[in-house]
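Please read them with the structure open.

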Amino acid sequence: MNIQIKRLELTNFKCFRHKEISFDSDITTIRGRNGVGKTTIADAILWCLFGKNSAGQSDFDLKTHDPDGRPIPNLDHSVEMVLTVLHSFANDQTVTLKRTLKETWVKRRGSDEQVFKNNTTEYLIDGEVKTAADYKKFISELVNEDIFRAITNPSYFPSLKWQQQREFLTKMVGYIAPEEIATTDELADLVKSLPESNKDEGIDIIAHRKHLSYQIKQIKDKLDKIPVRLEEQNKALPERLDWDALKMELEKAQKELNEVDKKILAIKAGNGDEIKRAEIRQQLSEHSRKLSAIESHTRQFIAVKENQKNQAVAEAQQKFNSLVTTQRDLESQLQSFDTLIKRIKEQTDIQYRRTREMVRAAWPRTQEEFNIEENGLCSLCHQPLPAEMMDKAKEEFNINKAKLKAKLTQQANEAKQLLVDAEKEVKDYETKKAEAEKNLADIKEQINVVFSDKAKLEKESVLSYEQELAESKEYQALLQDRDELQKKLDSVGIDEEATKQLADLEAQKVQYAAVIQQQTTLLATRTQYDKILALIDGINEEQKDLVRQLSELERKEDIARQYQDRQNAILEERINEHFSLVKWRMFRTVNNGGDPFDEPFCECYVDGVAYHDGLNQAARLNAGLDIINALCKHYNVFAPIVIDNSESNLNILTTESQQVRLEVFDSDLQIV
């Protein structure tokens, strides 16, 4: 259905005492200075239909005022509109609508003057008076008010909240079955595992992702607490001891204590010298064991030192080789920057000169003046055009000249912008080149340092086995003690005093008893150690299980994200199929401190520029018209589009709907 305005008659409506306008079926231009009533015409159309102005207000002042700004009393204010309704399946229909605001004045008792009582509204359809309800019903059956505003005002739909825009656009493309989205086995399994929210919406993937995010957060919170729990248990954990060694030392101390007791008995029986020799032999054996241990440790230490030196030299060589490779890469990169900078300058210079020469060649045409012999003759009879056609020919000539001048100016500006962009690009590459040169200097300095360090490492020497033993104070002291013990063994006589031996043995007995007490106490901590260690092992196992759960949930989250990404892509693709100029983004990525998350959104773009963020007025107008075209096709309803400030766009998008263009022009109100 295509609704068109044929005629509009305003009587005492705002600034018009009486105005009658006939409309073209395609484009009608209403031009004039600001304040001459262009917007009033738009208000009149909407008031006649819905009782509201173009701003959607039902309570607005539509009365005619005198020069002092006071409403002129006792006037009827009316708008009559003749519409043609074109049906694709039936005969065309012409309907005349009229809405009149009438003032009621009454004479009060005892007064000679009438006073205003109230306003009443009269409704006529094809000359027949109707009630307000019948009139409203007729209009609503003809076209819904919200739909009418959406398809007649280019700025109406983009001015809605994004949620309202999104709801409508989503309904426009209809239901997207989960099977269309699940193109992989993993996505198909996801669809099977989740219930559909309802038959028209499929699965609620956003709710599913939020649930997964909640589960992931819970597990991460538990994992964050595990280090604290482990730290608490580790603080309470006794020092790990060599329990077997402690047990052996305890048994050894008990055995030594028994031996001391036997020696005491032997001394008291008269065998003191032999006991003294046995003690010295035992000390000599212990010294020999310690000497052998130091010698073995020294051999291992020398082997480790040599290995460390060789490894350090190898690492230094590897680092040196890596730095040299990096140096070559940076030198190659610098060459490529020089090549790119040269190429950009050459290409920009060629393109700029071509554009400049083309503009200079065409510019004289913008200075030409209208010539009757060239431009004012009839193409058929070659006679001068009549005066009214001559004016039109002059106007067309000036318009074409202005268009050419604007085009050449734009091309010149684009050429200048090309130079600016090229200079910026060259500057960026020069910055990168400077950074690469700085990095190259740093690398060369590092190469010198690493080379010097490597040379020092290669010169370092490791002491030999004999040198290490000679410098070991402990080893040399043991050798000296061993010699003295041997001398002492050889000098033991039969006249040693038994009293001194007994005193020494009693002292040893006290020492062994203390060792036995200490080892027994340390061995008692093993039970507590094992208990706490079991708790730590349990916490570690819990951590592994939580990590496995987290990994599985993150895998499910990845699959859900794939599903939503594909669902988003399909939805945007199907919506954008309905539009020729604008492109819609139905989702935006947010990050609340975790992984990026796509949430529902709605914004239209023209050539990558958002409607509400940077799009100029002309582009906004065409974007609104493109949206209207899509809405009209969706509803199969076309209605007159009122385009305010149409002079701001020299290339207004074509529409199947009738266009009423309001244009600011330095003249009285004109209908073109």
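1. Terms first. Buried means under 20% relative accessible area, exposed means over 50%, and partly exposed is in between (1.4 Å probe, protein chains only). By that scale D338 is partly exposed, at 37% relative accessibility. The model is predicted: local features need pLDDT of at least 70, side-chain atom pairs count only at pLDDT 80 or more, and totals for chains, interfaces and linings use all residues. Residues are numbered from 1 along each chain as its sequence is written, and side-chain values use heavy atoms, with hydrogens and water left out.

2. Salt bridges. A salt bridge here is a side-chain nitrogen of Lys or Arg within 4 Å of a carboxyl oxygen of Asp or Glu. The count by this rule is 29. D338 has such a partner in K433, with the closest N and O atoms 2.6 Å apart. K433 lies in helix α12 and D338 in helix α10 (residues 272-362), so this pair ties together parts 95 residues apart in sequence. K433 is partly exposed, with a relative accessible area of 22%. Helices (H or I, at least four residues) and strands (E, at least two) are DSSP runs, numbered from the N terminus.

3. The α10 helix again. I344 also has its place in helix α10. Is I344 buried or exposed? It counts as buried, at 11% relative accessibility. Contact means heavy atoms within 4.5 Å. Leaving aside neighbours within four places in sequence, I344 is in contact with A422, E425, V426 and Y429. The C-alpha atoms of I344 and A422 are separated by 6.7 Å, although the two residues are 78 apart along the chain.

4. E542 and R229 form a salt bridge through their side chains (3.2 Å, N to O). E542 sits in helix α16 and R229 in helix α8 (residues 205-236), 313 residues apart, and the pair links distant parts of the chain. Both ends are partly exposed: E542 at 30% relative accessibility, R229 at 33%.

5. A pair within one helix. The side chains of E167 and K171 meet in a salt bridge (3.3 Å, N to O). Why are E167 and K171 separated by about one helical turn? Because they are four residues apart in helix α5 (residues 162-173). An α-helix has 3.6 residues a turn, so residues three or four places apart point the same way. E167 counts as partly exposed, at 46% relative accessibility. K171 counts as exposed, at 60%.

6. A network. Which residues are linked in a network of salt bridges? They are R7, E9, E20 and E80.

7. A buried glutamine. Q564 is found in helix α16 (residues 526-576). Its relative accessible area is 0%, so Q564 is buried. A polar contact is a pair of N or O atoms within 3.5 Å; within protein, one must be able to donate a hydrogen and the other to accept it, and residues adjacent in sequence count only if both atoms are side-chain atoms. One of 2.5 Å joins the side chains of Q564 and R209. Neighbours within four places in sequence aside, Q564 is in contact with I205, I206, R209 and D598.

8. A covered helix. Six of the eight residues of helix α3 (residues 145-152) are buried. They are I147, F148, R149, A150, I151 and T152. What covers them includes α1 (38-50), α4 (156-159), α17 (617-635) and β13 (641-643). At the start of α3, a side-chain oxygen of N144 reaches to within 2.8 Å of the backbone nitrogen of D146.

9. Backbone angles to check. Most residues other than glycine have a negative phi, and most peptide bonds are trans. N12 has a positive phi, near 50°. N12 is in strand β1 (residues 2-13) and is buried, with a relative accessible area of 9%. D607 has a positive phi too, near 55°. D607 is in the loop between β11 (597-606) and β12 (609-610), and counts as exposed at 74% relative accessibility.
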